[in-house]
Amino acid sequence: MGQLPYRDIRVLEKSRTLTGRLVGLLFADQGADVFIERALSTTPGEHDAYLDRNKTAVPPGGLDDSTSADVIIVDGAGSPGSADAPVARTSSQVLLRVTAALPGDTAYGHLAADCSEDLLNALVGIFTDMAGLGRLLGRPVIYTPLPICSVYAAVHGAIAVAAALVARERSGHGREIIASRLAGGLSAIGALTLTSQGIPEHLAPTRLGGVPKGLTVEAFRDIVAEAARD
């Protein structure tokens with residue numbers, strides 16, 4: 001059996017957000033040594049067994065010395081004077097910061113990194129009529145309980161960290177990365193409103209929703225209604 005790709009990569013997961021914990025999980029599943037802080041008296045949460053799998057728990061304060069880490073995951077933009085203090089990193093380390101909004105966002109930059117998932121869903125438009133065929137079929141808006149903003153931000157963050165580790169192999173230098181939960185949510189629904197022109201057909205994005213070619217709206221409604229009765 002081949003070696004997992006991130007064997008010998010040391011990750012310190014200091015994040016308490018779902019996004020940060022999922023990034024740690026993705027790397028732990030691929031062989032990285034991921035460390036988290038947990039008090040012995042802490043009662044495991046509903047999802048802790050999943051989010052903390054393949055990770056190594058150390059007592060509170062056990063991650064204060066981060067000099068041996070390849071990757072550090074924290075919450076907040078680290079702005080001077082803010083609740084999230086700046087994190088020192090060496091030139092070879094990759095630092096991932098989980099935020100609600102991107103630094104410099106004058107409208108939503110005040111939001112805490114761990115702000116409500118429902119709030120972010122509302123801000124980016126997930127709580128609107130984004131179902132591709134819902135309106136045509138007369139269906140109500142679906143208010144999803146899924147943490148879409150956090151999950152997409154985690155995927156973006158993990159990909160960015162992986163790319164930074166590859167770049168470090170060439171340059172020897174790490175970097176600081178921001179994973180915005182708002183930006184993650186926008187990327188999730190962006191495909192539903194994406195339009196393009198002048199792109200060769202084989203490169204054009206897949207069109208989501210709409211009535212299949214050759215059918216009228218009325219015929220499509222009849223087909224869906226018949227399927228529902230069956």
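This is a predicted model: local features need pLDDT of at least 70, side-chain atom pairs count only at pLDDT 80 or more; totals for chains, interfaces and linings use all residues.

**Entry 1: end of α4.** With that definition in hand, I looked just past α4 and found G172 with a positive phi of about 80 degrees. I then checked the helix itself: α4 has 24 residues and spans 34 Å from first C-alpha to last, close to the 34 Å expected at 1.5 Å a residue.

**Entry 2: overall layout.** I counted 6 helices and 6 strands. Reading from the N terminus, I wrote the order down as β-α-β-α-β-β-β-α-α-β-α-α. Of the 230 residues, 36% count as buried. I looked up the accessible surface too: it comes to about 13600 Å², with 57% belonging to carbon and sulfur atoms. Among contacts with a separation of 6 or more, 65% join residues 24 or more positions apart.

**Entry 3: α3 against α4.** At what angle do α3 and α4 pack? I found about 85 degrees between helix α3 (residues 117-124) and helix α4 (residues 148-171), with the axes 8 Å apart. The two helices are therefore roughly perpendicular to each other, as angles of 65 to 115 degrees count as such. On the α3 side, I listed E117, L120, N121 and V124 in the contact, and on the α4 side I148, C149 and S150. Sorting the residues of this contact gave me 4 nonpolar, 2 polar and 1 charged.

**Entry 4: R168.** Leaving aside neighbours within four places in sequence, I found R168 in contact with I9, D70, S92, H173 and G174. I followed up on S92: its C-alpha is 7.2 Å from that of R168, although the two are 76 residues apart along the chain.

Entry 5: Most residues other than glycine have a negative phi, and I went looking for exceptions. D8 has a positive phi of about 80 degrees without being a glycine, and I placed D8 in the segment before β1 (10-13). N54, also not a glycine, has a positive phi near 65 degrees; I located N54 in the loop between α2 (48-51) and β3 (55-58). For accessibility, I noted D8 as exposed at 55% and N54 as exposed at 55%.

Conventions
Residues are numbered from 1 along each chain as its sequence is written. Side-chain values use heavy atoms; hydrogens and water are left out. Helices (H or I, at least four residues) and strands (E, at least two) are DSSP runs, numbered from the N terminus. Buried means under 20% relative accessible area, exposed over 50%, partly exposed in between (1.4 Å probe, protein chains only). Contact means heavy atoms within 4.5 Å. Accessible areas come from the Shrake-Rupley method with a 1.4 Å probe; for residues, only the protein chains shown count as cover. Axes are lines fitted to C-alpha atoms, for helices over the stretch in contact, and angles run from 0 to 180 degrees between N-to-C directions. Angles under 35 degrees count as roughly parallel, over 145 as roughly antiparallel, 65 to 115 as roughly perpendicular and the rest as oblique. Ala, Val, Leu, Ile, Met, Phe, Trp, Tyr, Cys and Pro count as nonpolar, Asp, Glu, Lys and Arg as charged, and the others, Gly among them, as polar. The expected span of a helix is 1.5 Å times one less than its number of residues.
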